[in-house]
Amino acid sequence: MDRQTRSLLAHADHPFAAPLEDSSVDRLLARAVVRGDARMLDLGCGEGAWLIRALQRHPDGKAVGVDISAEALERARHRAREAGVAERLALHRCEAASFEAPHPFDLVLSVGATHAFGGLLPTLEAARRQLAPGGTVLVGDAYWEREPSPWARETLGEYEDLAGTVEKVTAEGWTPVYAHISTRHELDDYEWNWTGSLSRWALDNRDHPDSAEALQAAARHRDEWLRGYRASFGFVCMALRRTTG
Ligand SMILES: C[S@@+](CC[C@H](N)C(=O)[O-])C[C@H]1O[C@@H](n2cnc3c(N)ncnc32)[C@H](O)[C@@H]1O
C-alpha cells in the first residue's frame, strides 16, 4: 500500500489532516479571511477541507488548492461538489513550491505541509510571493512542547519550542495577528483517528491483500506516537501578516 493511499484511509474520519477541531479551524478562518470576496490559495491542500470550509463561510470567495497527490485532489473535487462550492474551487496537481498564479491572494494557507518547502521559513517565503498587499498567511507547523527524545528529533525533524518558532517568524518580518495551539485533546484525537481509521479499514477488509500491512502500519504509528513523540510534540497554526509593506 503506498503512503498516499494509507494516509487517505487514515484520514477517513478526520477531514483536516492536522490536529485541529472544526471550531478551531472556524476561529482561525474568521480571523484570517477579512474580505467576503477573498481569493484564497492552499499550498498542500490535501482533500481541500480548509478551502471548502472557507468557501462555505464566504459565498463570494474563490479558492485555489495545490497538492501533489492525485487521490487527495480527487477527494477534494468530490467534497467540493457535495458542499456546493466546486465552481469556486480550482485544483492543481503540482509541486507546491513551484506553483505560480497569475494574480495574488488575500489568504495563503499551508497547514501541515512545510516539509514540501524544506521548513517553516521557506514555506512563508513561498507564501509571500503569492500574497496580495495586506493579505494574511495561515501556516500550521509542529513545534516542541518539551525537549524531544533523540529518536523524535531524528524522525520528525528539527523544530523550535513555541517561543522560538514565533521568534523565528517575527525575525523574518511577519507579525502574528492570531494563532491556535492544538490542545492535548486535539493532538490525541488526531492520532486516535489516524491509527483507528486505518486499523478499522484493515479489520473490515481482512481479505484485501493490503489488510495485514495496514494493520501493522497503524500499530507501528501508534507505538511511535505513544512512546516516541506524544510527550514532546506540539502544533501551532498562525495567522501572519507582513510587519511592513
Ligand atoms: C498533512 S497533509 C495536510 C493537508 C491539508 N493542508 C490539511 O490540513 O488538511 C500534507 C499535504 O501536503 C501534500 N504535499 C506533500 N508534499 C507536497 C509537495 N511537494 N507539493 C504539494 N503538496 C505536497 C500531501 O500530499 C498532503 O496532502
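What follows is a chat about a predicted model, its aromatic pairs, its strands and its ligand.

Biologist: Hi! Which ground rules apply to this model?

Modeller: It is a predicted model, where local features need pLDDT of at least 70 and side-chain atom pairs count only at pLDDT 80 or more, while totals for chains, interfaces and linings use all residues. Residues are numbered from 1 along each chain as its sequence is written, and side-chain values use heavy atoms, with hydrogens and water left out.

Biologist: Thanks. How many aromatic pairs are there?

Modeller: The count comes to four aromatic pairs. Rings of Phe, Tyr and Trp (its six-membered ring) pair if their centres lie within 6.5 Å; planes under 30 degrees apart are stacked, over 60 edge-to-face, and the rest tilted. One of them is Phe16 with Trp50, an edge-to-face pair with 5.6 Å centre to centre and 70° between the planes.

Biologist: What does that pair tie together?

Modeller: Phe16 lies in the loop between helix H1 (3-10) and helix H2 (22-32), and Trp50 in helix H3 (residues 49-57), so the pair ties together parts that are 34 residues apart in sequence. Helices (H or I, at least four residues) and strands (E, at least two) are DSSP runs, numbered from the N terminus.

Biologist: Are Phe16 and Trp50 buried or exposed?

Modeller: Phe16 and Trp50 are both buried. Buried means under 20% relative accessible area, exposed over 50%, and partly exposed in between (1.4 Å probe, protein chains only).

Biologist: And what about Tyr229 and Phe233?

Modeller: Their ring centres are 5.7 Å apart with the planes at 65°, so this pair is edge-to-face. Tyr229 and Phe233 are both buried.

Biologist: Which residue lies over the face of Tyr178?

Modeller: That is Arg31, at 4.1 Å from the ring centre. A charge sits over a ring if NZ of Lys or CZ of Arg is within 6 Å of the ring centre and within 35 degrees of the ring normal. Arg242 lies over the face of Trp174 too, at 4.6 Å from the ring centre.

Biologist: Let's switch to strands. Why is E5 described as largely enclosed?

Modeller: Strand E5 (residues 131-144) has 12 of its 14 residues buried, so it is largely enclosed by the rest of the structure.

Biologist: Which strands does E5 pair with?

Modeller: Strand E4 (residues 105-111) pairs with E5 in the parallel sense over six bridges, and strand E7 (residues 233-242) pairs with E5 in the antiparallel sense over eight bridges. Two strands pair if DSSP finds at least two bridges between them. Val139 in E5 is the bridge partner of Ser110, and Val139 also stands opposite Met238 in E7.

Biologist: Nice. What surrounds the ligand?

Modeller: There are 18 residues around the ligand, and the closest are Ala17, Gly44, Asp67, Glu95 and Val111. A residue is near a molecule or strand if one of its heavy atoms lies within 4 Å of it.
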